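Subject: Structure handover

Hello,

Here is the structure you will be working with. Please open it first, then read the notes below.

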Amino acid sequence: MTTIRRFCCNDLLRFASVNLDHLTETFNMSFYMTYLARWPDYFQVAEGPGNRVMGYIMGKVEGQGESWHGHVTAVTIAPENRRQQLAKKLMNLLEEISDKIDKAYFVDLFVRASNTPAIKMYEKLGYVIYRRVLRYYSGEEDGLDMRKALSRDVEKKSMIPLKRPVRPDELEYDSI
């Protein structure tokens, strides 16, 4: 049985094995602690039998006006727990918090352009590629900014794709 609950400080000592995937971005402890302190509702863990961490989602809410949105900073599932709909459940939870509690217009995320399985999963969840960000990952690989409109964006303006790629320095949101 899987339990989804709010991430806590002790989980930082137990989730390293989930981050071993080469496509998963890992951050320093202060980065995780900042998210835990500032956006605790957006940091959730999926826990299995024996309190084993199966995966997690970390995000935040940011922007202004019609750019007010939820952001998925990281979602990752341990390889042995994939194909169990855990990522979908975690994404749905973050979307629900963004929509119902924070009244955001959309949720966005960045994904490596080469990560075809993740892109397909996000598309199945209703995300579209909004724009390509040139050399977003370590100045080497392009990232895709994917978005999903929430109920506040009645006309779905947030999902109208940009016609040209952008550089990381053109992104309009905070780096943390």
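Arg5, Asp11, Arg14 and Glu47 are joined in a network of salt bridges. A salt bridge here is a side-chain nitrogen of Lys or Arg within 4 Å of a carboxyl oxygen of Asp or Glu. The whole structure holds 15 salt bridges.

Please note that this is a predicted model: local features need pLDDT of at least 70, side-chain atom pairs count only at pLDDT 80 or more, and totals for chains, interfaces and linings use all residues. Residues are numbered from 1 along each chain as its sequence is written, and side-chain values use heavy atoms, with hydrogens and water left out.

- Glu141 pairs with Arg112, with the closest N and O atoms 3.0 Å apart. Glu141 lies in strand β7 (residues 141–149) and Arg112 in strand β5, so the pair ties together parts that are 29 residues apart in sequence. Strands (E, at least two residues) and helices (H or I, at least four) are DSSP runs, numbered from the N terminus. Arg112 is buried at 17% relative accessibility. Buried means under 20% relative accessible area, exposed over 50%, and partly exposed in between (1.4 Å probe, protein chains only).
- Glu62 and Lys60 meet through their side chains at 3.4 Å, N to O. Glu62 is buried at 7%, and Lys60 is buried at 2%.
- Arg167 bonds with Asp169, the closest N and O atoms being 3.2 Å apart. Arg167 is partly exposed at 45%, whereas Asp169 is exposed at 59%.

Next, look at Phe106. This residue is in strand β5 (residues 106–112). Phe106 is buried, with a relative accessible area of 1%. Phe106 and Ala149 are 43 residues apart in sequence, yet 4.2 Å apart in space, C-alpha to C-alpha.

Now the largest pocket. How much space lies in it? About 1400 Å³. A pocket is an open set of points on a 1 Å grid over the protein atoms alone, where a 1.4 Å probe fits, with protein on both sides within 12 Å along at least five of seven lines; lining residues have an atom within 4 Å of a point. The volume is the space filled by probe spheres set on the points, which are joined across faces, edges and corners. Of the 46 lining residues, Val75, Asn115, Ala118, Met121 and Tyr122 are closest to the centre of the largest pocket. Strand β4 gives the largest share of the lining, eight residues.

Best wishes
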